[in-house]
Amino acid sequence: MKYSKWAIMAALSLTFVACKKDDEEDTTTPNPTTGTIKANFTFMNGSAAFNMNDAVMDGAGHSVQFSLLKFYMSDLHLVDDADNTVGEFHETVLLLDASTSNELTLGSMSPGHVHEAHVVLGLDSATNHADPLMADYPLNIPGMHWSWNPAAGYKFLAMEGHVDGNGDGDFIDAEDVAFTYHCATDALLRETHIHVHQDVTVGSTVTMQATVDVAKIISGLDLLTVPDAMGATPANVTAMDSLAVSIDGM
Ligand SMILES: [Ca+2]
């Protein structure tokens, strides 16, 4: 009786070893050693979620409605509490679009604590002046490159819409002017950081949550007095400076 019990146990352990070996042989990918990190950006109008139909107040108190609001984010890296780099996504270029949801995958990283994300608003000079016809998404998007002046590169921040010029609450009157802001050139690149405070573990997917306050982006602008700003005019500089402080961790 005792013998057969040991025999069964031995047989079971052999089976276990055999199965484990089979499993290992069948596995074509190694065990994961990294986690996945995503970023989810929520556009806001102050403390409320932003909608493209919203009336947003500019810096001069004019009511503004957007038809387009997009910007590039690139050269991301993540640091821990001691400012050590724990994730690098320098090749990742994100196009954020206020008219849609913005959950974007950055890539994979080794386990660690992410204190904050350091990001560039706009594009480095080499990327900015590469051929958009040879580029991958989102650098091949029609409308985000200066097709009539290729040397100017990409529009780092594009904003278009209407200002309620007569202050009656709509955007259809003769006094309601269209505005167009295309912020561009290498000089307008800005850097900012986003507090994350999340732990990435092996095999996990961590989504860092951030907000983009649309009201803050236009808080330094008078879109009725200066409805058009192209390239790197003072109004474009103000818009990019404001964009850098409009992004925050949640
Ligand atoms: Ca009006």
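Student: Which residue in β12 is the bridge partner of T180?

Tutor: Strands are DSSP runs of E with at least two residues, helices are runs of H or I with at least four, and both are numbered from the N terminus. Two strands pair if DSSP finds at least two bridges between them. Here the partner of T180 is D228. Strand β9 (residues 178-184) and strand β12 (residues 228-231) pair in the parallel sense, over four bridges. This is a predicted model, in which local features need pLDDT of at least 70, side-chain atom pairs count only at pLDDT 80 or more, and totals for chains, interfaces and linings use all residues. Residues are numbered from 1 along each chain as its sequence is written.

Student: How many bridges join β8 to β9, and in which sense do they run?

Tutor: Strand β8 (residues 155-163) runs antiparallel to β9, joined by seven bridges. Across this pairing, L157 faces C183, and A158 has H182 as its bridge partner. β8 is also joined to β4 by seven bridges, again antiparallel, with V64 opposite V163.

Student: Why is β8 described as largely enclosed?

Tutor: Count the C-beta atoms, placed from the backbone, within 10 Å of a residue's own: 20 or more others make it buried, 12 or fewer exposed, and anything in between partly exposed. Eight of the nine residues of β8 are buried, so the rest of the structure largely encloses this strand. β9 is largely enclosed too, because five of its seven residues are buried. Over the chain, 33% of the 250 residues count as buried.

Student: What does V214 touch?

Tutor: A contact needs two C-beta atoms, placed from the backbone, within 7 Å. Leaving out residues up to four places away in sequence, V214 touches F43, M44, N45, F50, V56, L69 and A98.

Student: Is D186 buried, exposed or partly exposed?

Tutor: D186 is partly exposed, because 16 other C-beta atoms lie within 10 Å. D186 sits in the loop between β9 and β10 (190-200). Its contacts are S125 and N128, not counting residues up to four places away in sequence. D186 and H129 are 57 residues apart in sequence, with their C-alpha atoms 9.2 Å apart.

Student: What span should helix α4 have?

Tutor: The expected span is 1.5 Å times one less than the number of residues. The 13 residues of α4 (residues 234-246) should therefore span 18 Å, and the end C-alpha atoms are 18 Å apart, which agrees. Its buried residues include A235, A239, L243 and S246.

Student: Where does pLDDT stay under 50?

Tutor: pLDDT is the predictor's confidence in each residue, from 0 to 100. The value stays under 50 over residues 12-24, which have zero contacts beyond four places in sequence in the model. Where pLDDT is low, the predicted coordinates should not be read in detail. The chain has a mean pLDDT of 90, and 87% of its residues reach 70 or more.
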